[in-house]
Amino acid sequence: MKTRKLYNRIKSLRVERGLSRKQLADQIGVNPQTVGYLERQDYNPSLDLAFRISEFFEFPVEFIFSTCVMKPVSEGLRNTISSSLQFN
Amino acid sequence: MKNLKLLTVINLAALLVMNIAFYFVFRGRVASHLYDGAGIASLVVVAVTFIPLFRKSGIWKLTHAKADKLDERELALTHWALSESYGWFAVICLVIMLVFSFTGRMNICPQFTISMPLVASLIYLSHVLPGVMIAWKHGIQEQSE
């Protein structure tokens, strides 16, 4: 069975928190090389690992992982701000 | 960055050359130090390429570690490498047996027998073949941050 590619925000979240791959790997219980594979989107994590990552970053799984290409967080934020300004 | 594919080719080619050279040495067909030298030089190449290819790249640890020491990606990769190498090793052994059987039966080369270096090479191959599969699939090993 051919699996779909999963896109994620792991790299941007890790960099934002100032963590190295090794530090993140220790927190989620994998090898640092596996973090590299996840960040390059060369490997789809299991549901268990996806939940461990989402619990570590304290974001819902669907915010970190998607089957579509993910837009930058700043773009979503800009849309939210502009829509709230229109209402006001 | 290390080119693991190139190292794999050099390692396996040196193993083949070593077997050919030692075959002539052990059979005593050619009394020449050239074959001794070629066999020993190939053995040195195998040993020298083994270190960066399997030890320093971490592939040896990956294929020989216990399952509880690996994460889910490494387990999947090791499982794939072991099943692939099992198939390849069976084919290699059967081809060698077929060649011996064929050459003996057809009286092409009746003195062609399984030598000690060939057995040692097969033991070595059975251990490194899963690593060879991983090195070949990934080609370039990325240094971890």
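**Close-ups of a two-chain predicted model**

**View 1. Helix α5 of chain B, end to end.** With 23 residues (116-138) at 1.5 Å each, helix α5 of chain B should span 33 Å, and its end C-alpha atoms do sit 33 Å apart, so the two agree. The expected span here is 1.5 Å times one less than the number of residues, and helices (H or I, at least four residues) and strands (E, at least two) are DSSP runs numbered from the N terminus. This is a predicted model, where local features need pLDDT of at least 70 and side-chain atom pairs pLDDT 80 or more, while totals for chains, interfaces and linings use all residues. Residues count from 1 along each chain as written, chains are lettered from A and ligands numbered from 1 in written order, and side-chain values use heavy atoms, without hydrogens or water.

**View 2. The bend in α5(B).** At B:Val128 the helix bends by about 45 degrees (the angle between axes fitted to the seven residues ending there and the seven starting there). A proline, B:Pro130, follows within four residues.

**View 3. Where chain A meets chain B.** Nine residues of chain B are in contact with 15 of chain A (heavy atoms within 4.5 Å). On the chain A side, helix α3 (residues 32-39) gives the largest share, four residues.

**View 4. Chain A on its own.** Chain A has six helices and two strands, running β-α-α-α-α-α-β-α from the N terminus. Its C-alpha trace spans about 50 × 35 × 20 Å along the principal axes.
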